[in-house]
Structure formats: C-alpha cells, structure tokens
2 protein chains.
Amino acid sequence: MSEADAARRPTVYDVAQEARVSIASVSFAFRRPDKLSDATRERVLEAARRLGYAPSAAARGLAHGRTGTLGLHAFDLLLERADPLTQTPSFTDLAMPRLDADGVIPWAQTDDDVLSDPRAFPLYVDEVQRGFELECWALGRPVMLSSGAGTDVSVADTAGRVDGLAIFPSPQTAPALARYAPTIPIVLFSAAPGDDHHHRVRVDNAGGMRALADHLVREHGIRDIAFVGRPEASDTAERLIGLQDGLADLGLLLRPQVVDATVRGEDDLVPQLRALIAGGRMPQALVCATDQHAFAVLDTLAAEGLRVPEDVVVTGFDGTLAARLSSPPLTTVRQPMEAMGRAAARILAGVAGPADRPFDVVFEPRLVVRRSCGCPG
Amino acid sequence: MSEADAARRPTVYDVAQEARVSIASVSFAFRRPDKLSDATRERVLEAARRLGYAPSAAARGLAHGRTGTLGLHAFDLLLERADPLTQTPSFTDLAMPRLDADGVIPWAQTDDDVLSDPRAFPLYVDEVQRGFELECWALGRPVMLSSGAGTDVSVADTAGRVDGLAIFPSPQTAPALARYAPTIPIVLFSAAPGDDHHHRVRVDNAGGMRALADHLVREHGIRDIAFVGRPEASDTAERLIGLQDGLADLGLLLRPQVVDATVRGEDDLVPQLRALIAGGRMPQALVCATDQHAFAVLDTLAAEGLRVPEDVVVTGFDGTLAARLSSPPLTTVRQPMEAMGRAAARILAGVAGPADRPFDVVFEPRLVVRRSCGCPG
DNA sequence: TTGTACGCGTTATCAC
DNA sequence: GTGATAACGCGTACAA
C-alpha cells in the first residue's frame, strides 16, 4: 500500500464512536489526561489503539495556531553538493534501479562508488544541519527539511509549515525572506550583518583568516599570497578582507588579483591557475575561500604537476571532514558547525534567552594546521 | 523576535480584504491561476506580497487530506550516536554557551573538539538519511525528521504529520507500527522479512557475510573465527547466520560462543575480550556485526597491547566513513546507504511502481578489504 | 465528569 | 469570473 491507496485515517470522531464517548473526551484523553476518569480514559486510549488513530498534526496546528515544527531550508543544495572537478553526474541524472522486481539489486546499480565520496558528504551544511537536528530532538521538536531554488514559492511553502525557519541564505534570498520575517522567526547561517531583522548565527570569518595569515607568514615565511574564491558571497568577502588585514598588520600585501572561482567551477579555476603557472607567476600560497575551492585547486595543481606544499601552499576554510582526507591533508579554518546548528535551533525554539532584539551569535573559528601549508601534520 | 511574539500570520481573509476580493479568489490566484482574470490575479498576488502572506500548510493539509510531507523516524538515535569507548558526554549533557551575550563565543565553549569525531558522524543512519533527503528534494517533497523512544506517542505524533513514514526500527517497534500501517505507508530499513504489511528496504546481510567469510578463509587462511555482536537485532542475526553458513560451506565451524556486545557496550565487550586474551583463547579473527562494534574492539585490543591484523584480524559491517579512518583501516561490508534512503523515499512517494503488494527491496552489499584483515590496502 | 458548539485557514462546490 | 458557504479534524470554552 503506497501513499495513494492508504485507508482513510481515523479521526477523533471514529475513536469517540468506538469508545462510546464524545470527541471532547477523546481529545482530553490525549491532552488533559487528568480531566478524565481513569475508566473512560483507558477506554478511549484502547479504542484509539485499536483504530490506529494518530492525531492529525494539520488539524492540531490549525486549531492551536502553531505547528510545533522547526524548519531548515537550504537553497540550491543539490548544486553545491556536486564535486567540482570530477564531473560527478548530477544527482538527478542517476538512474534508479527498478524497485518492484524480485531479487537482489546488484551493487553496480546503486551508484554507491561515485556517491560515497567524502568530498560530497558531509559538507559544511551537513554538519550544521546535524547540529540543528540534534538540538531539535533534544528539545522534542520535529524538524522539517526543505530545499529549493530560493524562489518565493519554495520559501513560502516551508514558512507555512513551521514555527521558525533556519536558512542557508543565497545572495538572491533577501527579498523573499524579508517578506516572512514578521511572520515567523528566521535564522540566517553565515550571513554578514545586515539591517534586516533576522537572527544570525555565524563565525568570525575575518578573525579566522587573520589567524591563518599569521601562521603562514610567521611559521612558513610566506610573503606572496593570492586569494581563491568569489568575493560576491558575503562570507567570502569577509574572509578576503580578513586576509588582507591580517597581512597588512604584518606589513604585507595580498595579491590584488583574486583567483575568481565558483565552487563547482573548473570553468574559471583551471585556466586561471594554468595562466599563473605558465606565466611563472604562481604565488607562494593559494588561500582558498572554502575547503571545496581548495580541493578543486589541489586537483588542478596535481594535474599540472605541481607539488603541495613544496611548490605552492594551499589552504581551505570550513574544516570539513574531507579536508582531513585530501592529499595532502588540508590546512584550514574550522567552523564549529554542530554548535552553530544547535544555536539556531535554540533561538527558534525560544530557549536561547529573551529576544528583545535579533540574536547575532558569532562563534570563534579555529585554525587547523596540516600538511598542505608545510606543517608536519 | 522569537517564536513567541511573532506577529499573527496573514490569512486569505487579510489578503482578500486588502485586494478587495473574496477569499475564493485569493485561493484561486495561487492554485488555479487560469480561473481568474489577469487583473484580479495580479491584484491578489500583489496584496499577498505586501502582507507577506504564506498559505498555511496546516490548513491546506486539513482541507486537502494530506500534508505532502514524507517522514523519517529514528528510534533512540541519540543513544546510538554516542561513541562506545571514549565516554563522550552524552549529547544532552553538553552545556550550551550563552547566545544572548555580545562578542565572539570562544572555541572552547563549542565542544567541537569532542563532537567532530567521524566515529559519531556520519553513521549508517546518517548516510541513509541523506539519501532519503536527496530523493525527497528531487521529488519536491519536504522531509520531516523525528526521533523518539519508540513509544506510541512519538510515533503517532510523527505519523500524524506525514503522508508516509520511513523508519529505522528497534526491536520493540513492531506493535506501535502495526497500528499505523493501514493508515499511512511505512518503510522499514534493515528489517528482516516479516508478515506485517510494511515495505522493506534492506541488504543481503547473509550474502555480505558469506563474501567476507570467503575472503578471510581463502585469502588469509583463517580458520578460527568468533562473531562479535548482539544477535537479538534481526539484521545482526542475519549476519551471524550468513557467517556460519559461509564457513560451513568451506568446511569450517564458527565459534559457538559469540562475543555478546551492545554498540555502546564497554560493559560487556572489554571483560569478554580480556577473558579471551587471558585464557589464550583469542580467535584468529573477530568478525563484528557493525563497524561501531569493530571500533570498540579495535580500541580494546589496542589497550590490551594486541596488534591488528598481526595478532588478530578484525572486520566490521556497514562501510561507514569512519571505517576508512580507523587504524588500521577497517575491512568491512559496505551497504549502499544512499541508494537505500532514496529507494525508501520513492516507495513512499508512490513513484516506485505499482504497489499491489509491499515492496521488499534488497540491495547487494559489497566487501571492502583494507588493512584490518591483513590485506595491503 | 462529559457533551455541544464554535473557531482555526484552506480548498472545493456551488450559485450568481 | 467572482462570491458565499460547507467541509476538513482538533482544541476548548461553556453548558449540562
């Protein structure tokens, strides 16, 4: 029996009839057990059990004015999840094996070998999401996950289902969100400060980059650094500026020209890196906006025959698990992702303290040194 | 603004008033745009935008008879996530830093160093969950995540919120689930065949274990094997039997006495292993029911000064990421977890084919040889 | 202690 | 093309 032909769900009326009481008693049996005699309560619960009655969350939410659910929305997550360089088939391209046949489905039909790449999972968003889930479960709150293009529709749809919404924002997000802010509380992950009234959970990007700059310069004597990323995104911009400032404090100048790359982006990245190599202008270090960018850089450098860290130093940002597994292991700045997710959940649930003004929770990130910067790690 | 003091959400009535039309027109403007004149439709949508109107999913679900959401329920997930031997503080014990203070929250307050253990995430359930999420997103279906003790209440609560429910069952689950089967479709992950009418998504546990037995015996000449696990769980039992049968086919006998251990279980595991060591009765190989069991075994053996694989071979089951990272890397049997999650979502969504009878989808697992069995990997 | 009646916000079925 | 109006299932005053 699939969704389509499921039997009609029993309601309070069915239970009331079965237990020979009124619907109010049924409701009380679940919500206000004390308001009922033991006998009737037992009778009602027994009837409910027999019928397989489950209170409709829709109806309750409607009557009660709230759903009890907390939401987590990711824009364009599928795109971000694709591995930049290896041309992993986009998720939706994969064929599903037939599920209605008998027998064992062969391993080859599962695509597991391409999908189980740690570079694709868990990413930054996945670890934050996990923290959100764990905290919601600890709070006894169901979690609603959604993903979408960031259009009005998809956000609105989610907003209508939850009591509060945490979001990984995309640049085009602002207008759609502004609309629902007065309606439900919203937490933005990793968004630069703004004058909207959303809550924020983020890290000190600039501080993290300064720590990294400090390490590269003081420990490794590096003086010529280029930034890899796409400064349009607000957190990337913060990281770029943090790097500039950190170097400035040490009397150094960041290369004015950033290697402009999308996360997916072999289109931009490969030719730019090649040009640097060909022109003999490769800097001593490529400081990347994210771990994902760094992996793409590592792959390209390897393909071009350059060694890391001997020929050029590469660093990331985020501290994903994949950064431990790359070769060489990646020096990076780790965000406390699980704590960030948990913080968002607590804010939305209203257990984070009085909310007379929007929360702006800023976590300290942490420099993690590994081999890609020349450390022994 | 937190959940508590959010402004009242605008309704169709508000929009209707604002646009000077009836509520029916408002509904049509969203659901049946063709049924409205361009002028009024524009007027309605404009008013909706101004007010920040988002249709209430609760009301729609009530009227429409379905929520549109697919659910994933995990029993006691928090318990399972704790690291068996390192005594990681249980998640709920962790102190949350104050979120309403100004300034940057220090790294030390995030507990990230203890929480970011790959042995705790991603686990088997996390990878299956991810597959479920990806497929739901591809299908445009929101996902509802819940966790609970497996009591009637928690399952009922989830059942009332979704159109279909996928579940990681616990042994005590059956009665609660049987109740909702006629009401909504239910998919059980990794449950042995049964006469309930639930759908099933699972792997060929016995086949996986036979492949492992074959490898250990033929490649490494191992003849004395003990099983580590707790055979009460149905999938563990299947693995135990598969191992027995595999060995029997090779003319060998599994040790009759299993090392009975829970996943968390230093209580049982450590003394039993010590007894084997002390008695000089350590087998050539410890074949564990799950990767998690194997990690606990590896830790214990290391603490007792035994080398793997030189002194004793250890293997796991599941193929989690942590198995790649342990020392030595763990020989294991990988399940196609993402594919399993996706299969469940497709079944619940009704896109998996005609459902005249319950689906019983069995995937082939795959032997992954690494150093812990003596292979060079 | 138990039953009745109304409201919650949508969708859908009618009239107009 | 547009506007009333009746479900949908539950929570809960209020009456009995």
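Biologist: Which residue in E10(B) does B:Leu286 stand opposite?

Modeller: This is a predicted model. Strand E9 of chain B covers residues 285–288. Three bridges join strand E9 to E10(B), and the two run parallel. In E10(B), the residue opposite B:Leu286 is B:Val314.

Biologist: In what order do the four strands of the open sheet in chain B lie?

Modeller: Strands of a sheet pair through backbone hydrogen bonds, either parallel or antiparallel. In this sheet the pairing is parallel. The order in chain B is E8-E7-E9-E10.

Biologist: Which strands of chain B are the edge strands?

Modeller: An edge strand here pairs on one side only. That holds for the strand at 259–260 and for the strand at 313–315. They are E8 and E10.

Biologist: Which residue of E12(B) is the bridge partner of A:Val104?

Modeller: Strand E2 of chain A spans residues 104–105. Strand E12 of chain B spans residues 360–363. The two pair in the parallel sense over two bridges. The partner of A:Val104 is B:Val362.

Biologist: How much area do chain B and chain A bury between them?

Modeller: The size of an interface is often given as the accessible area lost when the parts come together. The contact here takes 108 residues from chain B and 107 residues from chain A. Carbon and sulfur atoms carry 60% of the buried area. The total is about 9400 Å².

Biologist: How many salt bridges are there between chain B and chain A?

Modeller: Take one of the pairs across the interface. The side chains of B:Asp112 and A:Arg334 meet at 2.5 Å, N to O. A salt bridge needs that nitrogen and oxygen within 4 Å, so this pair qualifies. The count between the two chains is eight.

Biologist: Is A:Tyr124 buried or exposed?

Modeller: A:Tyr124 is found in helix H7 of chain A, residues 124–138. Its contacts beyond four places in sequence include A:Phe168, A:Phe189 and A:Met337. The relative accessible area of A:Tyr124 is 13%. The cut-off is under 20%, so A:Tyr124 is buried.

Biologist: How far apart in space are A:Tyr124 and A:Gln335?

Modeller: In sequence, A:Tyr124 and A:Gln335 are 211 residues apart. A:Gln335 is also among the contacts of A:Tyr124. C-alpha to C-alpha, the distance is 8.5 Å.

Conventions
Residues numbered from 1 in each chain as written. Chains lettered and ligands numbered in written order. Predicted model: local features only at pLDDT ≥ 70, side-chain atom pairs only at ≥ 80, totals over all residues. Heavy atoms only, no water. Contact = heavy atoms within 4.5 Å. Buried area = accessible area lost by both parts, 1.4 Å probe. Pairing = 2+ DSSP bridges. Buried < 20%, exposed > 50% of the residue type's maximum accessible area, 1.4 Å probe, protein only.
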